[in-house]
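Please open the model in your viewer and keep the selection panel at hand. We will go from the whole chain to its parts, and then to the ligand.

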Amino acid sequence: MRYSGLRVIAEALTGHKGWKPAWRDPAPQASYDYIIVGGGGHGLATAYYLAKEFKQARIAVLEKGWIGGGNVGRNTTIVRSNYLLDGNEPFYEFSMKLWEGLEQDFNYNAMVSQRGIINLFHTDAQRDAATRRGNAMIMHGADAELLNKEQVRSLYPFLNFENARFPIKGALMQRRGGTVRHDAVAWGYARGADQRGVDIIQNCEVTGMRIENGRMLGVETSRGFIGAKKVGVAVAGSSSKVMAHAGMRLPMESHVLQAFVSEGLKPLIDGVITYGAGHFYVSQSDKGGLVFGGDIDGYNSYAQRGNMPVVEDVAEGGMSLMPMIGRARLLRMWGGIMDMSMDGSPIIDKTDTEGLYFNGGWCYGGFKATPASGWAFAHLLATDQPHKTATAYRFDRFAKGLMIDEKGQGAQPNLH
Ligand SMILES: Cc1cc2nc3c(=O)[nH]c(=O)nc-3n(C[C@H](O)[C@H](O)[C@H](O)COP(=O)(O)OP(=O)(O)OC[C@H]3O[C@@H](n4cnc5c(N)ncnc54)[C@H](O)[C@@H]3O)c2cc1C
């Protein structure tokens with residue numbers, strides 16, 4: 001069934017009896033050509049592009065819980081391509097271009113909203129860094145604008161411009177950045193993949209891997225053994241646990257990141273604002289809630305909830321940037337598990353086991369990468385060659401000293 005405005009009207013006139021489930025609920029088959037482990041955004045996008053763009057068949061996505069229950073449904077929905085380094089910027093700009101056509105491509109309303117994102121700067125040195133980043137973006141075909149203080153003030157007059165310690169001096173703006181409704185991205189890719197024959201199998205946890213003579217034969221699951229020619233792992237915060245089934249120890253740690261939503265307020269913030277003097281960023285959802293977040297909790301954990309010190313830290317950041325946020329009541333908060341890599345950049349690569357591929361290390365920036373990550377991973381799985389925008393995302397960059405340290409902050413996950 002194709003979704004459209006006419007379809008909605010027709011269904012409204014006939015009592016909404018024609019809607020069908022958006023995807024099937026198939027039982028696992030004995031074997032597949034491709035198994036994607038993890039039904040988050042990246043896993044579902046991979047299956048979708050494998051079937052649609054690379055014309056592959058006999059594909060299954062195995063998800064231990066339910067579609068959208070992981071980070072894809074827990075993030076703060078920001079998309080942007082304002083990266084500096086050659087290893088990153090073409091990839092994220094590729095992702096941005098895919099976002100721009102995504103809803104038409106998979107025929108699903110994902111509420112892609114290019115409402116603009118600003119990264120504030122508070123010192124002359126930060127202005128220099130923002131200028132450099134903006135120039136790098138433009139050289140890679142992305143859009144970037146440097147705003148002065150008055151231009152920022154005309155957008156968001158309520159910000160704390162004259163803060164004695166952190167005065168706002170301007171911002172780097174990317175107008176094409178914005179937000180996308182996160183769970184709809186999972187549902188849209190799931191529906192699109194299902195329509196192309198992909199089996200999406202929920203409540204199916206991968207508990208082991210059968211590897212013989214260095215070759216992948218298939219995966220042990222909570223629903224029995226399933227054979228596969230190629231297995232692609234895209235499990236985000238569970239990366240270390242799942243790849244341990246293949247005897248691999250990853251250059252990665254799992255940390256909690258929290259998100260917060262206020263009560264519904266009248267329209268106040270029509271873009272995305274990122275603080276440059278503390279870890280705090282904020283946007284406003286279409287329901288009116290202020291959606292905001294900050295730093296990771298800073299200790300290793302697989303718990304999908306966080307602790308009070310970071311709540312306090314985020315609240316302090318918010319108060320310092322826009323003091324009136326202290327009048328808003330907090331409605332909800334939650335946590336997700338981040339697959340923090342050692343240089344803050346992801347990995348999309350083959351492993352030493354023939355037929356085993358890995359996609360992870362997204363830290364807290366992987367939502368915006370979902371379309372490009374799915375496309376690049378599908379490219380790698382189908383052709384055994386990295387996609388041209390993802391050639392730097394290799395495992396061996398840590399051994400070779402070719403880290404992609406976007407922020408130049410060092411080789412520790414909690415620094416990124
Ligand atoms: C609070 C928060 C805010 C964020 N904000 C942003 C943002 O604004 N912008 C941005 O770009 N990024 C953001 N991120 C990061 C982004 O959400 C993640 O990087 C990205 O979603 C990870 O990829 P995924 O969608 O595939 O992960 P997930 O949705 O977590 O998918 C992985 C799936 O693997 C499944 N799985 C795990 N183990 C197994 C197993 N053994 N067998 C089968 N299945 C398994 C899990 O159940 C899960 O569904 C944020 C994250 C959080 C938590």
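This is a predicted model: local features need pLDDT of at least 70, side-chain atom pairs count only at pLDDT 80 or more; totals for chains, interfaces and linings use all residues.

Residues are numbered from 1 along each chain as its sequence is written.

**The whole chain.** Select everything: the C-alpha atoms fill a box of roughly 65 × 65 × 40 Å, taken along the principal axes. Colouring by secondary structure brings out 10 helices and 18 strands, which are DSSP runs numbered from the N terminus (helices: H or I, at least four residues; strands: E, at least two).

**The two domains.** Select 17-77 + 182-251 + 343-415 for domain 1, and then 112-178 + 253-340 for domain 2; these bounds come from an automatic or database domain assignment. The C-alpha centres of domain 1 and domain 2 lie 28 Å apart. Where they meet, 16 residues of domain 1 are in contact with 16 residues of domain 2, contact meaning that the C-beta atoms, placed from the backbone, lie within 7 Å.

**The ligand.** Which residues are the closest to the ligand? Select G38, G40, G70, G336 and G366, which are the closest of the 39 residues that surround the ligand; a residue is near a molecule if its C-beta atom, placed from the backbone, lies within 6 Å of it. Domain 1 and domain 2 each give at least three residues to this shell. Finally, select helix 2 (41-52) and strand 12 (252-264), each of which supplies at least two residues of the shell.

Notes. Two residues are in contact if their C-beta atoms, placed from the backbone, lie within 7 Å.
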